[in-house]
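Student: Could you walk me through this model, one feature at a time? I would like to learn how to read each kind of feature and then see the case here.

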Amino acid sequence: MRVVVTGATGNAGTSVVRALAADSKVTDVLGIARRRPGLDIPGVRWAEADIDPGGARLSELFSGADAIVHLAWKFQPTHDPVETWRTNVLGGIRVFEACAAAGVHVLVHASSVGAYSPGPADGRPVDESWPTHGWPGAPYTREKAYLERYLDGFQRDHPGMRVVRMRPAFLFKTAAASEQRRIFAGPLLPWRLVRPGLIPALPDITGFRFQALHTDDAAEAYRAAVLRPVRGPFNLVADPVLDIAAVARLLDARTVPMPAGAARAALAAAWSLHLAPAHPGLLDAVLRLPLLDAGRAREELAWTPSHTATDAVGAFLEGLRHGTGLDTPPLAAAAGGAADR
């Protein structure tokens with residue numbers, strides 16, 4: 001089986017290509033990225049290509065592939081949503097249509113918990129039938145939701161293609177910590193100080209809770225989705241549900257209550273001054289995300305995460321302390337970022 005992975009050099013991509021290359025049923029893995037990595041993974045070939053409109057002819061790269069795993073995504077620049085829309089939405093559509101043109105049989109698309117509409121008032125976990133209209137105030141959630149709508153029509157028009165949508169919670173691993181710091185925190189997060197005992201307190205934002213998953217566990221679900229005869233969406237999460245207090249325990253820190261409005265105002269000010277790369281609308285979205293039920297993935301993908309959500313965040317904090325990365329342009333520990341320049 002030949003599998004092509006877009007966005008193969010990032011947090012999810014490096015784990016997904018490893019998982020696929022380690023499976024004896026997969027005979028060839030081609031990782032596509034805008035810039036060729038120095039990382040050598042046995043069984044994985046690399047190709048340079050851009051999914052943006054006007055980029056390389058993706059159908060030629062997809063020719064002869066049995067499955068495409070679409071992971072490519074641009075988080076920055078949040079001050080230019082037209083640029084991220086061009087890559088994430090228009091580029092995503094290019095990938096989908098190139099799959100059809102190349103006669104690919106399987107498309108596995110990286111959607112997100114961010115595609116979901118705000119959760120139910122009672123806080124109960126939702127399955128994959130919950131609406132996916134996103135949160136309109138954040139570019140990331142708008143873009144994920146738009147691709148969900150596009151795929152509704154795409155899979156109707158291409159019934160012979162097996163289309164799978166993966167909707168994971170926040171993905172963490174040690175090697176991605178440097179990248180995630182650049183993307184979401186920027187220079188305001190002194191990574192050398194992120195260790196137990198050095199941070200006295202964390203702001204406990206009212207209503208802030210989240211679900212997490214180790215990236216390697218997500219990769220195993222992607223591998224299963226490629227190989228098993230499944231269709232449709234899958235939630236991917238690990239237990240337990242986390243909050244700021246859980247993160248504080250990992251850092252031996254205490255928490256200080258902070259109203260959500262105050263946290264949003266502080267982030268908006270930092271973002272406006274180009275001190276923080278995360279769009280303030282993203283905090284609005286996170287505060288409204290539903291909790292996910294991953295029962296379908298457990299049953300149909302025979303998938304069980306091997307790490308807890310606490311383990312996943314702990315791996316991220318470990319990577320943050322040591323400035324860990326990988327020899328790929330997105331994950332390089334010394335790479336610059338929009339907020340670092």
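Tutor: Gladly. Let us start with a loop: Pro-77 sits in the loop between β4 and α3. Keep in mind that this is a predicted model.

Student: What is the state of the peptide bond from Gln-76 to Pro-77?

Tutor: The general idea is that most peptide bonds are trans, and most residues other than glycine have a negative phi. Here the bond from Gln-76 to Pro-77 is cis, with omega near 5°. The bond from Asp-239 to Pro-240 is also cis, with omega near 0°, and Pro-240 belongs to the loop between β11 and β12 (242-243).

Student: And phi? What is its value at His-274, and what is it at Ala-302?

Tutor: His-274 has phi near 60°, a positive value in a residue other than glycine. Its place is the loop between α8 (260-272) and α9 (280-286). Ala-302 has a positive phi as well, near 50°, and lies in the loop between α10 (295-300) and α11.

Student: Are those residues buried or exposed: His-274 and Ala-302?

Tutor: His-274 counts as exposed because its relative accessibility is 51%, and the cut-off for exposed is over 50%. Ala-302 is exposed too, with a relative accessible area of 54%.

Student: Let us turn to the sheet. In what order do the seven strands lie?

Tutor: First the general idea: strands of a sheet pair through backbone hydrogen bonds, either parallel or antiparallel. In this model the sheet is open, with the order β3-β2-β1-β4-β5-β6-β11 and parallel pairing. Its edge strands are β3 (44-48) and β11 (232-236), each of which pairs on one side only. From one strand to the next, the twist averages 20°.

Student: How many bridges join β5 and β6?

Tutor: Strand β5 (residues 106-110) and strand β6 (residues 162-168) pair in the parallel sense over five bridges.

Student: Which residues point each way from β2?

Tutor: In a regular strand the side chains alternate between the two faces of the sheet. In β2, Asp-28, Leu-30 and Ile-32 point one way, while Val-29, Gly-31 and Ala-33 point the other way, and all are buried. Six of the six residues of β2 (residues 28-33) are buried, so the strand is largely enclosed by the rest of the structure.

Student: Which strands does helix α3 touch?

Tutor: Helix α3 (residues 81-102) packs on the sheet and touches β4 (67-70) and β5; its direction makes about 175° with that of β4. Helix α4 (residues 139-157) lies across β5 and β6, and runs at about 160° to β6.

Student: What about two helices packed together? At what angle do α5 and α11 pack?

Tutor: Two packed helices are described by the angle between their axes and the distance between the axes. For α5 (residues 177-185) and α11 (residues 309-322), the angle is about 85° and the axes are 8 Å apart. The two helices are therefore roughly perpendicular to each other. Ala-177, Gln-180 and Arg-181 in α5 meet Phe-316, Gly-319 and Leu-320 in α11. By class, this contact has three nonpolar, two polar and one charged residues.

Student: Is Leu-236 buried or exposed?

Tutor: Leu-236 counts as buried because its relative accessibility is 0%. This residue is found in strand β11. Leaving aside neighbours within four places in sequence, its contacts include Met-166, Pro-168, Ala-221 and Trp-303.

Terms used. Residues numbered from 1 in each chain as written. Predicted model: local features only at pLDDT ≥ 70, side-chain atom pairs only at ≥ 80, totals over all residues. Heavy atoms only, no water. Axes fitted to C-alpha atoms, helices over the stretch in contact; angles between N-to-C directions. Helix = DSSP H or I, 4+ residues; strand = E, 2+ residues; numbered from the N terminus. Parallel < 35°, antiparallel > 145°, perpendicular 65-115°, else oblique. Contact = heavy atoms within 4.5 Å. Nonpolar A, V, L, I, M, F, W, Y, C, P; charged D, E, K, R; others polar. Pairing = 2+ DSSP bridges. Buried < 20%, exposed > 50% of the residue type's maximum accessible area, 1.4 Å probe, protein only.
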